[in-house]
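Dear colleague,

Please find the structure below, together with its sequence. My notes on what was found follow directly after it.

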Amino acid sequence: MSKIRPDASWKELPEGGIIPEGGTSATFKTGDWRSERPVWNGESCIHCLTCWINCPDSSILVVDQKMTGIDYDHCKGCGICASVCPPKVNAITMVTE
Amino acid sequence: MSERILIEGNEAVALALKLIDPDVVAAYPITPATEVVQKFAEYVADGEVVTEFVAVESEHSAMSACIGASTAGGRVMTATSSQGLGLMWEMLYIAASLRRPITMAVANRALSGNINIHCDHSDTMGARDAGWIHLFSENTQEIFDNMIQAVRIAEHPDVRLPVMVCYDGFVISHAREVIESLSKEEVQSFVGKHKASLSLLDLEPKTVGPLDLQDYYFEHKRSQAEAYKAVPGVIEAVGQEFGKAFGRSYAQVEEYNMDGAEVALVALGSTNGTIKDVVDGMNESGKKVGLLKIRAFRPFPAELVRASLSKVKAVGVFDRSMTFGGWGNPLFTEIRSAMYGTSGNGCCCGPCIPILDRVYGLGGREISMAEIEQYADEVLAVAKGEQVELIDYIGVR
């Protein structure tokens, strides 16, 4: 099945609105819902990954068990990461968009 | 190998379920459909079916489980009535939108309040816009036959929509009638093997029920609307095939003594049986009254209705439910809409014959043959130019 194009007519859509592939939420950019952006300070981060465990949108980017940044295409700016970051570390701060 | 048996309406539904032997039945008992679930649970306990029976805690869960099981690729059936159907409401729309070919028996019962357990059509009329196919049954034989045909209609590759088989609560659900039953082999060969479409268990990943906003929702509804165009042809073809196999053919509508009729009565469900007797008597005394029985209410067979009713001078519609604050009641508005302004240019170019609406039988109120005859006489008088109330009631104090 080819990708469903944004200009597809009703005749081209799969029956029942069922998307015939998995993991399609990755292509749905929810980052523009955000009113506040988490800003990560890599120098003070201790890579405890508490933010990664708590992020409801899988937007904490991790490579080899180290945090590398934030996926702004999908982060909705809920602020949970900033709130769970250990107070002594305080590596994530929320900034108005 | 048909066998004549004496059976209650609900038991006939349970028997049809047993002979179909679906993969999953998820249901919650409710008066007057309780015996369907009770009897089918016996079949399950006695090992007479392979069905996975899911005893859920509510009708909302029953329909949710049906949608899940159907999406997993199973042949799925259930039964309910009245408040139970009401509790399923949001899931009814989802079943149809996801094109799940679920079959459901509905014993038509009044909706609260006040609390009433007896027959009228308020429950399924409330669900008329949910996207299900609605087949009404006149008697126990028809419920049994409709249940079996419903599986074929729902699962037809051009359709894949849920079907509700409606039958009048208590009037049919609890009445014993002699029907011609079928053997398991006959039913199995008629319904065939279930072929799931876009099933979760076919190992190809899928996303079912995704967020569908301004960008696609409208297109999905448009494509859903298209599916109903195939349904009339499939209902007719399955009804014919059923007739060839078992000797009882079915269509979307049934004309009774309409040849040469001056006026027509139109009704749904068991009242049609009573009307047929009245029509016979009136025809014998020279009154030209016919009956148009609507078997398929959704999709509404507008063209067949127009072709049939265009032959008469006046029409009397029986409505067993009400649209409060609407102009006329559910069956009447469908009939009027089918009959008038058919060219699409807005002018009144339909047959322009008087069509009356009478609400009757709410909450199980009996309708007598005398009342039906009186209404038919009124329609005959209207055909001769007499003025009467357009929308009124029969049998209310």
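Helices (H or I, at least four residues) and strands (E, at least two) are taken here as DSSP runs, numbered from the N terminus. On that basis, chain B holds 13 helices and 15 strands.

Two remarks on conventions apply throughout. This is a predicted model, in which local features need pLDDT of at least 70 and side-chain atom pairs count only at pLDDT 80 or more, while totals for chains, interfaces and linings use all residues. Residues are numbered from 1 along each chain as its sequence is written, and chains are lettered from A and ligands numbered from 1 in the order in which they are written.

Overall form of chain B

The C-alpha trace of chain B spans about 65 × 55 × 45 Å along its principal axes. Its radius of gyration is 21 Å, which agrees with the value near 21 Å for a compact globule of 397 residues; the radius is taken over C-alpha atoms, and the globule rule is 2.2 Å times the number of residues to the power 0.38. Of the 397 residues, 47% count as buried. A residue is buried if 20 or more other C-beta atoms lie within 10 Å of its own, exposed if 12 or fewer, and partly exposed in between, with C-beta atoms placed from the backbone.

Domains

The domain assignment, which is automatic or from a database, gives domain 1 (3–246) and domain 2 (255–393) in chain B. Their centres, taken over C-alpha atoms, are separated by 28 Å. Contact means that the C-beta atoms of two residues, placed from the backbone, lie within 7 Å; by this criterion 27 residues of domain 1 of chain B touch 20 residues of domain 2 of chain B. On the domain 1 side, the elements of chain B giving two or more residues are α6 (122–126), β6 (133–136), β7 (163–168) and α9. That side has 15 nonpolar, eight polar and four charged residues, where Ala, Val, Leu, Ile, Met, Phe, Trp, Tyr, Cys and Pro count as nonpolar, Asp, Glu, Lys and Arg as charged, and the others, Gly among them, as polar.

Contact with chain A

Chain B gives 18 residues to the contact and chain A gives 13 residues. Helix α9 (residues 217–246) of chain B supplies the largest share of the chain B side, four residues. By class, the chain B side comprises five nonpolar, five polar and eight charged residues.

Individual elements

In helix α1 (residues 9–20) of chain B, twelve of the twelve residues are buried; among them are B:Glu11 and B:Lys18. Just after α1(B), B:Asp21 takes a positive phi of about 50 degrees.

Strand β14 (residues 355–359) of chain B is largely enclosed by the rest of the structure, because five of its five residues are buried. B:Ile355, B:Asp357 and B:Val359 point one way from β14(B), and B:Leu356 and B:Arg358 point the other way. Strands pair if DSSP finds at least two bridges between them. β14(B) runs parallel to strand β13 (residues 314–319) of chain B, joined by five bridges, with B:Leu356 as the partner of B:Gly316. β14(B) also pairs in the parallel sense with strand β15 (residues 391–393) of chain B over three bridges, where B:Tyr393 is the partner of B:Val359.

Finally, B:Arg306 lies in helix α11 (residues 302–309) of chain B. B:Arg306 is partly exposed, with 16 other C-beta atoms within 10 Å.

With kind regards
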